[in-house]
Structure formats: C-alpha cells, structure tokens
Amino acid sequence: MVAWDRAAWGQLTVDEKRHAMQGVLKQLPAGFKWQRLERFERYGQSIETGVFVYEGSEYMYVPGDTVTLGRSEVHMYAEMSPVREAVIGPLLVQRQPASAGWYECSLDRLDPEEDEDVLEAIEEFRQGPHTSYEYSQYFRLERDGDRVVVYLFDDSETFEEWCESELPEGFTLPTEDEWEYLYGAGARTLFPWGDDIDETMRLRHVSGSGEANAEDPYPLELPNGFGLCFPGDPYMKELVLTPDGITGKGGDGGCNLHGGQGVALGYLPTATAFRDPYESELTWEDLLDCLVYRRVVRL
C-alpha cells in the first residue's frame, strides 16, 4: 500500500480512495470491516477519509504528514512540548476515546458476598435523589432513567498489566507526536481552534457557560478535521506513549480549573502541546482515574 501523505491523499479521486481503503483493510487485524468514505471539516481543516468498524467502534483513516509540533512560548502554570519537526506515518485511529480506568459492569456480574458493599450502595442510590455517586477508585453509580449503571475501577497495578487486557495484538497507543498531529489536525495555533478560549461557548465544569445553548453538544467534543472526537475537558487526559514511557495529554486532571485559576488558565491544559508539569507526582492508579485512551493501528 502507498503511504500517502496528507497532500497526496487529498488529490485522489473518490474511486481511488475507495480502492486504497481496500488495501488498508488487508493490513488490519481480523475483525475490521470497511464502512464508507466521509468528509469532515472543522476549524479550517478538512478531509474526506475512510471509516472502518471494529467491535462496534469506528476507526478513521488518517494519512501521514511531515509537520511542525510544539510551542516555544512559556505559559504560567504550564509546560509545553518543544517545537520540533515530526514525520507522522498513516494511521487507523479509533474515533471516540474510551475510559482507561472505569468499565461498565452488569449487575448480574456482582457477587453477593464479595461485592456486598457495592450492592448496598446501589440500593441506597436507587432511593436517593442523586444522579451520580462515586467511591474513589472503587465504583461509580450513574442514573439512567430508572436504571442504575455501575462502573468499576480497573485493578491493574501497572501500565504494562493494563496493556495486556486493553491492547490486543496489532493495536497500540498514539505517541505524543502522533497525538498532537491527530488532535490539532495540522493547525499551528495554541488550541486546534485558535489561540484563545471563547468563554461564551458551552464548556464542561464552567457554571453558566453557553446557557442559551444548554441542549447543544459541548463544542469541544465535536469531530475535528480528521473526524476524531476528543474530550475537550481539562479534567481528563488521553493516554499516549513517550520515549520514556507514557503521559497524559489534553488535560491536567482539573488542577487549574478546580484550583480557581479561571476559565482561560483552567482550559489551558486542552492546548495541543500542553504537558502537565505535576504528572510525575501521580501513581499509576491516580493517573488512571482521569485517563481515556484510543487504539491506533500503524500502517
């Protein structure tokens, strides 16, 4: 298969793209199915690309590119990845991230003896007024109409142990370079959408923001120019690979926002090049609590 860069990919006809996607399909782990070509456009970036499905999740074909990443300016309360040139190869990328630390558990999987405290909490929750309840790094309850949804916290003790169950053969996580390319979709602004946070738009955890559009989706969660969706939430981080191990991108666990730094600094961790300067102080379990992840296949 030809490893098209982004410019060359954009010059292909619809029929050529469809033919190319059949070549991609032959490289993928068993279980992938080809779906369609679809066009995405946001923040001045656009692409018509292939959509695949694996175990109910959509995956997007993202052509590679040679790009400039990182930021040179210094921000208070933050660190940025350095300015650098990176060669990004073509990828198949999971469209929506999933929680790394929390997984849904059906009620019939709970053991009456071993999970007695969880079952008792569920009954109390059913009769109470709250819409959610969390026992830190153990279980979380969410109300869905008359149904109570139970989430349990992952019990892996290390990243390597977590990978054994979450990354089947043929899948990996994006590197920091790849993630910044995927998140920014080629933009060189501080954020994928520009250099500032628009405080009038609807933002998670910001009381009163976007009240006139309270029923609309959160703008930062909508598909970007590659058709990929990101949390757009400073309380969350996305798990990526680094030369020294792993890190979280796209947030700081809510430290700035929860610490009363205001919207501009509170949402600064959603900047493309942001690096959490305090992440090294976290244990794997602490990091896992606020992590999402997406699988990629390198082509």
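Mentor: Two rings of Phe, Tyr or Trp (its six-membered ring) pair if their centres lie within 6.5 Å; planes under 30 degrees apart are stacked, over 60 edge-to-face, the rest tilted. The model is predicted: local features need pLDDT of at least 70, side-chain atom pairs 80 or more, while totals for chains, interfaces and linings use all residues. Numbering runs from 1 along each chain as its sequence is written, and side-chain values use heavy atoms, without hydrogens and water.

Trainee: How many aromatic pairs does the count come to?

Mentor: Apply that rule to the model. The total of aromatic pairs is 24.

Trainee: How are W162 and Y293 arranged as an aromatic pair?

Mentor: Their centres are 4.8 Å apart. The planes make 85 degrees, so the pair is edge-to-face.

Trainee: How many residues apart are W162 and Y293?

Mentor: W162 is in helix α4 (159-166) and Y293 in strand β16 (291-293). Both elements are DSSP runs (helices H or I, at least four residues; strands E, at least two), numbered from the N terminus. The pair links distant parts of the chain, with a separation of 131 residues.

Trainee: Is Y293 buried or exposed?

Mentor: Buried means under 20% relative accessible area, exposed over 50%, partly exposed in between (1.4 Å probe, protein chains only). W162, at 0%, counts as buried. Y293 has 6%, so this residue is buried.
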